[in-house]
Amino acid sequence: MSIRIQVSNPTVKALQTRLQDAYRRDDVRLVRRINVLLELLTQTASVPVLCERWGLSPSCLYAWQKAFMVRGMDSLISRHSGGRPEKLTPRQKKRLVELIEAGPLVVGFETACWNAVLIRVLIWREFGVLYNRQYVCTLLSNMGFSFQKTRFVSDHLDAAKRLVWLQDQWPAIVRAARRCQGLILFEDEASFAQWGSLSYTWARRGHQPEVPTSGKRKGYKVFGAIDYFSGRPFFQGIEGRFNSESYQGFLQMIVEQTTQPLLLIHDGARYHTSAATQAFLAAHRDRITVEPLPSYSPDYNPIEYLWKKTKKRATHNQYFKEFAALTVSVDKALAYFATHPDTVLGLFGLYCEESDMALKQAA
């Protein structure tokens, strides 16, 4: 004889309320258990189906059902699944974060580079807790740290001016561009060396990859600019040096290819600020408005990130016996970005977010 269990509507509603609460608290185990009970008690799915869907055994499902029938909602209290208690208290973890961010030299070590062994020693010295070296990496990851390569920043930069530019000047530039329906062009230059560039790649252990190089100290120079709103790029390659004349030629090309007002954001390179360039900009003041970046702030120019991606496509781990091969490879990569503005937005959008310059599409 089979027994059919029926649940009332108030019970179902109570289970659904408890399920919503479990979702809010991100209690994955309880969410799974209540979902299974709802389907089991309302007979919307059979036991074999539920077992396959949730990866559970029939005995587990029947145990949950029995517990609910005996204790009701009290059987749905989330309990700790056991395991070892954490060795560091929340307060100790907070202190550990402060020490790591202060740096190895500040806390008494003779190096400026953190590694798992040093942090293991630090934890033992400060809190008397000895972790396995491999677990230290897991602990750091759980605390929001990752192993990263440092980068240089100029010791001449003016933090106050950078903040003013970011909080006051940058929003004003965006508002002005929207009023006149203009383009905000982030401009910069890059040089691609004929001897190529090296990057990480997979290879058999013990067999370091080798890339031939001609050793020729020659580079392909490229001017570039990207529209903030659309991701439309402008590029112009030259074989000579970056100077006022070549820079003016690049700007003239952009003027001829567009009709909108141009808000030009560039750094303080000499050929950007030379008398000849200033005369050119004055002659085109009806189309071009210059908005200089704060000094020593390449991180505020998102095209820097695009240059890195271009080198990855065009020169990393490649051999260029002839200079023409280099120019073809670089031009091919630039042509790809020129025809994929959405990809460009994705590439330097992250750069904008890292600098707090939230990237927004044109309305």
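A: Happy to! Buried means under 20% relative accessible area, exposed means over 50%, and partly exposed is in between. One thing to keep in mind is that this is a predicted model.

Q: Thanks. So are tryptophan 170 and tyrosine 228 buried or exposed?

A: Tryptophan 170 and tyrosine 228 are both buried.

Q: And what kind of aromatic pair do tryptophan 170 and tyrosine 228 form?

A: An edge-to-face one: the distance is 4.9 Å centre to centre, with 85° between the planes. Tryptophan 170 sits in helix α8 (residues 159-180), while tyrosine 228 is in the loop between β2 (219-227) and β3 (233-238), so the pair ties together parts that are 58 residues apart in sequence.

Q: Nice. Which residues form an aromatic cluster?

A: One aromatic cluster is made up of Trp165, Trp170, Phe186, Tyr228, Phe229 and Tyr300.

Q: How many aromatic pairs does the structure hold?

A: There are 16 aromatic pairs in the structure.

Q: What about the rings of phenylalanine 235 and tryptophan 307, how are they arranged?

A: Their centres are 6.1 Å apart and their planes are at 55°, so this pair counts as tilted. Phenylalanine 235 is in strand β3 and tryptophan 307 in helix α12 (residues 303-314), so to speak a link between distant parts of the chain, 72 residues apart. Phenylalanine 235 and tryptophan 307 are both buried.

Q: Let's stay with α12 for a moment. Where does threonine 310 lie, and what is it in contact with?

A: Threonine 310 lies in helix α12. It is buried, with a relative accessible area of 0%. Leaving aside neighbours within four places in sequence, threonine 310 has contacts with Phe192, Thr315, Ala333, Leu334 and Phe337.

Q: Okay, and asparagine 317, where is that?

A: Asparagine 317 is in the loop between α12 and α13 (323-338). With a relative accessible area of 30%, asparagine 317 is partly exposed.

Q: Which residues is asparagine 317 in contact with?

A: If you leave aside its neighbours within four places in sequence, asparagine 317 is in contact with Ser197, Leu198, Ser199, Tyr200, Thr201 and Val211. As for isoleucine 184, the C-alpha atoms of asparagine 317 and isoleucine 184 are separated by 34 Å, and the two residues are 133 residues apart along the chain.

Q: Switching topic to helix packing. At what angle do α2 and α3 pack?

A: Helix α2 (residues 28-41) and helix α3 (residues 47-54) pack at about 160°, and their axes are 10 Å apart. Angles over 145 degrees count as roughly antiparallel, and α2 and α3 are therefore roughly antiparallel to each other. Their crossing is right-handed.

Q: Which residues meet there?

A: On the α2 side, Arg32, Asn35, Val36, Glu39 and Leu40 meet Val47, Leu50, Arg53 and Trp54 of α3. By class, the residues of this contact of α2 with α3 are 5 nonpolar, 1 polar and 3 charged.

Q: I'm curious about glutamate 39. Is it buried or exposed?

A: Glutamate 39 is buried, with a relative accessible area of 17%. It lies in helix α2. Leaving aside neighbours within four places in sequence, glutamate 39 has contacts with Thr44, Ala45, Leu50, Arg53 and Trp54.

Q: And how do α2 and α4 pack?

A: Helix α2 and helix α4 (residues 58-71) pack at an angle of about 85°, with 10 Å between their axes. They are therefore roughly perpendicular to each other. Arg32, Arg33, Val36, Leu37, Leu40 and Leu41 in α2 meet Leu61, Trp64, Gln65, Ala67, Phe68 and Met69 in α4. That contact of α2 with α4 has 9 nonpolar, 1 polar and 2 charged residues.

Q: Last topic, backbone angles. What is phi at glutamine 181?

A: Most residues other than glycine have a negative phi. Glutamine 181 has a positive phi of about 55°, although it is not a glycine. Glutamine 181 is in the loop between α8 and β1 (183-193), and at 65% relative accessibility it counts as exposed.

Q: And what is phi of tyrosine 296?

A: Tyrosine 296 has a phi near 55°, again a positive value in a residue other than glycine. Tyrosine 296 is in the loop between β5 (288-290) and α12, and it is partly exposed, with a relative accessible area of 46%.

Note on methods
Residues numbered from 1 in each chain as written. Predicted model: local features only at pLDDT ≥ 70, side-chain atom pairs only at ≥ 80, totals over all residues. Heavy atoms only, no water. Axes fitted to C-alpha atoms, helices over the stretch in contact; angles between N-to-C directions. Helix = DSSP H or I, 4+ residues; strand = E, 2+ residues; numbered from the N terminus. Parallel < 35°, antiparallel > 145°, perpendicular 65-115°, else oblique. Left-handed = near helix turned anticlockwise from the far one by under 90°. Contact = heavy atoms within 4.5 Å. Nonpolar A, V, L, I, M, F, W, Y, C, P; charged D, E, K, R; others polar. Phe/Tyr/Trp six-rings, centres within 6.5 Å; stacked < 30°, edge-to-face > 60°. Buried < 20%, exposed > 50% of the residue type's maximum accessible area, 1.4 Å probe, protein only.
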